Amino acid sequence: MKLDWTRNETLVAVVILGFCVLAALSDPGFLSVATLTDLLRNGIVLGVFAVGVFVVLVSGGIDVSFTAVAAFTMYVTAMTLNALMPWMPWWGALAVGMAVGGLLGAINGVLIAGFGLPTLIVTLGTLSVFRGFMLTFIGQKQITTLPPGMREFGRMMLLRGENADGSFYSLHAAFVVTVLVVVLTWFILNRTMLGRAIYAIGGSVESARRIGINVRGVQFFVYVYVGVLAGLAGTIHASMARVANPFDLVGLELSVIAAVVLGGARLAGGYGTLTGTVLGVALIVLVRNSLIVLGIPSTFQSIAIGCLILIGTGLPAWQARRAAARAA
Amino acid sequence: MTAPLVTLDGVTKTYAGITALDGVGFSIAAGEAVCLAGENGSGKSTLIKILAGVERPDRGTIAFSGAVQGALTPRVSTDAGIKVIFQDFSLFPNLSVAENIAMTAEMGAGARLVRHGRIRDTARLTLDRIGVDIPLDAAVETLSVAHKQLVAIARALATDAKLIIMDEPTTTLTEREVRSLLAIIRLLKADGVAVLFVSHKLAEVLEVCEHVVVLRNGAKVAEGPADQFDAASLTLHMTGRAVGETPPAPLPPGAPVLLQVEALAKPGVFDDVTFALRAGEVLGVAGLLGSGRTALAKALFGLVAPEAGTIRLDGRPVPLGDPIAAAAAGIGYVPEDRLTEGLFLTQSIARNIAIGRLDAHARGGGVLDLSALWGETRDWLKRLAVKAPDPEAAVRSLSGGNQQRVVLARWMARGPRVLVLNGPSVGVDVGSKAEIHGIIADLAAQGLGVIVISDDLPELMATCHRILVMKGGRMVEDLPGGSVTTDGLAHRLAS
């Protein structure tokens with residue numbers, strides 16, 4: 001099979017392989033079940049975020065408020081369930097989180113689809129408003145005693161075991177949720193007319209209007225969907241950390257957008273695949289984790305991730321331009 | 001006798017006191033092709049919008065198959081089988097050919113899930129119907145303009161079109177592509193589909209039309225069977241005056257060579273291009289799409305880097321592949337697509353002209369001498385007769401002809417020696433076109449060398465002293481102007 005080097009997916013996959021080879025050479029312990037489960041665990045929340053951001057980018061918009069939505073949701077969900085519905089089982093807790101996230105996403109949706117405001121401006125605004133509102137009016141203290149449903153979910157493991165050296169490894173059940181989110185989103189984007197309409201709007205809003213696509217309706221769906229996923233990610237994060245810290249998550253936006261862009265989605269909209277997004281997340285998680293394992297100071301992380309973005313998105317763009325210049 | 005497919009009667013529309021359409025009435029029968037001719041601003045686009053249900057007429061009625069429509073909406077119009085193919089085609093560049101063709105039909109059928117099989121079948125069937133083979137999985141952005149147009153036609157057909165309205169269908173097509181479009185129109189007509197061509201460049205579609213309607217300033221000024229019209233009479237009706245094309249004044253015998261291009265080559269694009277351009281000469285370059293004509297034009301201005309050869313201006317070599325050096329040497333380039341390559345659309349007319357002269361009006365420390373700059377800008381607006389209400393208005397508010405003048409004014413202000421004009425009258429109306437040709441003649445009379453690259457063969461015949469024929473990246477012929485007819489030239493290009 002011939003590799004298509006103008007695709008981000010190829011490049012990112014090759015970089016991931018190369019990175020693993022380097023890591024394995026310098027630390028023989030790298031190639032182990034423990035490393036794998038560790039990486040998967042770290043990809044759970046990032047992955048759910050990234051899928052949401054990917055959908056927005058495909059529609060030609062951008063959302064930077066999702067981390068604030070997630071933080072708000074996990075805090076409010078933990079607080080409400082503790083106070084009013086401690087009997088709620090784990091799946092109920094996740095559902096409440098998704099509902100709260102969806103409501104916040106609907107605020108973005110109304111402002112963007114309803115009033116036609118620019119997406120970056122709206123979500124920059126709501127990022128600040130959601131976070132500020134939570135810290136001012138709801139609370140700033142960590143909730144260390146989570147409601148029973150979230151505690152139950154926090155303890156659920158898909159598999160656990162012991163390494164030869166006596167250390168433990170485990171894979172959290174939330175990994176299944178991330179996989180389900182990827183599968184569901186893939187289905188929506190590629191197998192429903194709604195998903196094709198999202199791609200169509202990302203390709204040309206004006207054309208979409210002219211052939212009768214309900215552009216506002218589709219945009220509203222997109223921002224609610226991102227909100228739902230952000231709420232889900234926030235609830236998972238708190239359950240796994242066994243604490244709802246209102247200062248968590250915010251600040252992660254750019255890493256997530258980086259992962260999605262690295263995977264081939266374009267900020268202009270209409271392009272990209274979920275495969276690329278998953279690979280992008282894998283690479284970012286790998287870099288964040290392994291640089292520490294390799295004994296490289298963590299401040300190098302941001303340099304490394306920055307370089308990856310420049311090379312990972314710059315190289316295909318440069319190759320596409322060269323191909324275009326040859327064809328001209 | 002059955003009622004015509006569409007009947008307009010006394011349709012009138014005013015915008016803010018300006019009458020865009022004034023009592024226009026005509027009808028279109030099934031399987032009939034109608035030419036709606038008119039210059040920019042004659043009310044053509046308003047008429048399209050009214051038929052598409054986007055705008056409501058103030059007075060007058062529209063009937064589909066004899067049934068008078070009360071309030072026409074886009075939905076009603078589409079359901080009645082009226083499909084507009086806009087000049088920009090309104091396709092999705094990121095989606096595949098199959099999806100572009102079938103999406104509207106699928107949405108119309110109320111589909112919620114994507115059925116790849118059905119989408120491909122629809123696309124395959126409609127493409128077969130017009131006898132075209134385009135790969136179904138190709139992304140539309142990778143297609144040529146002509147293929148994009150075919151995809152747009154196929155999309156209209158996929159939703160049971162009864163009347164296809166084509167807005168400016170031929171302006172971006174080459175001679176040969178227009179031929180194949182006409183063949184497809186004949187197929188559609190045989191199938192009972194009616195076609196309404198809306199354009200100011202209609203002479204080439206006349207042969208497939210039964211009926212011609214000419215609009216001027218919102219009113220119908222002429223109507224009749226197509227065989228009663230020809231290019232000249234159409235132009236006369238559209239402009240209300242005879243637009244004369246005079247052949248270029250002969251070149252003085254001793255005119256010095258201005259630009260000498262030797263063995264210019266870019267592998268796979270153009271090869272061994274050699275020609276000389278004399279002062280005061282207008283040189284035409286004719287070639288089909290893919291003949292290398294556009295790449296050559298760009299290469300002369302450094303936008304495409306040739307790999308071998310030389311360009312000399314007044315005997316001095318011009319660095320290759322460097323537009324800034326080419327401009328400094330005195331070469332100007334007016335691109336084919338002035339909207340995306342030639343103008344800052346949202347900026348003012350004055351700024352669009354002034355941008356070319358910023359360095360000349362810079363005082364110490366890079367501060368601009370604004371009064372001199374604006375003074376010169378106003379002067380050029382006047383000299384090129386740009387009809388602009390206000391030099392501070394955005395360029396996008398101007399008509400095509402006036403936009404082209406703004407691009408020309410920008411270059412003229414720099415005092416160039418050689419101007420390369422790529423498709424100088426693409427998308428401008430007939431009246432403006434004659435005036436642009438007049439400007440070209442004036443430029444040559446002032447001693448500039450002008451190179452005109454165009455698909456519009458009558459344009460080349462009317463403006464050029466000499467015409468170079470380009471085929472497969474090579475200059476195959478060098479014809480003195482006036483030695484060939486338009487048909488003869490078309491034949492040489494296609495053979």
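Student: How far apart are the mean positions of the positive and negative charges of chain A?
Tutor: The mean positions of the 19 positive and 11 negative charges of chain A are 10 Å apart. Lys and Arg count as positive and Asp and Glu as negative, with His and the chain ends not counted; each charge is placed at NZ of Lys, CZ of Arg, CG of Asp or CD of Glu. This is a predicted model, in which local features need pLDDT of at least 70, side-chain atom pairs count only at pLDDT 80 or more, and totals for chains, interfaces and linings use all residues, while side-chain values use heavy atoms, with hydrogens and water left out. Residues are numbered from 1 along each chain as its sequence is written, and chains are lettered from A and ligands numbered from 1 in the order in which they are written.

Student: What radius of gyration does chain A have?
Tutor: The value is 20 Å, which agrees with the radius near 20 Å of a compact globule of 328 residues. The radius is taken over C-alpha atoms, and the globule rule is 2.2 Å times the number of residues to the power 0.38. Those C-alpha atoms fill a box of roughly 65 × 55 × 35 Å along the principal axes.

Student: How many helices and strands does chain A have?
Tutor: Chain A has 13 helices and two strands; these are DSSP runs (helices H or I, at least four residues; strands E, at least two), numbered from the N terminus.

Student: What about helix 10 of chain A: how many of its residues are buried?
Tutor: Of its 27 residues, 21 are buried, so helix 10 is largely enclosed by the rest of the structure. Buried means under 20% relative accessible area, exposed over 50%, and partly exposed in between (1.4 Å probe, protein chains only).

Student: Changing topic, where is Leu320(B) found?
Tutor: Leu320(B) is in the loop between strand 15 (316–317) and helix 9 (323–329) of chain B. Leu320(B) is partly exposed, at 31% relative accessible area.

Student: Which residues is Leu320(B) in contact with, leaving aside neighbours within four places in sequence?
Tutor: They are Leu264(B), Pro306(B), Gly309(B) and Ile311(B), where contact means heavy atoms within 4.5 Å.
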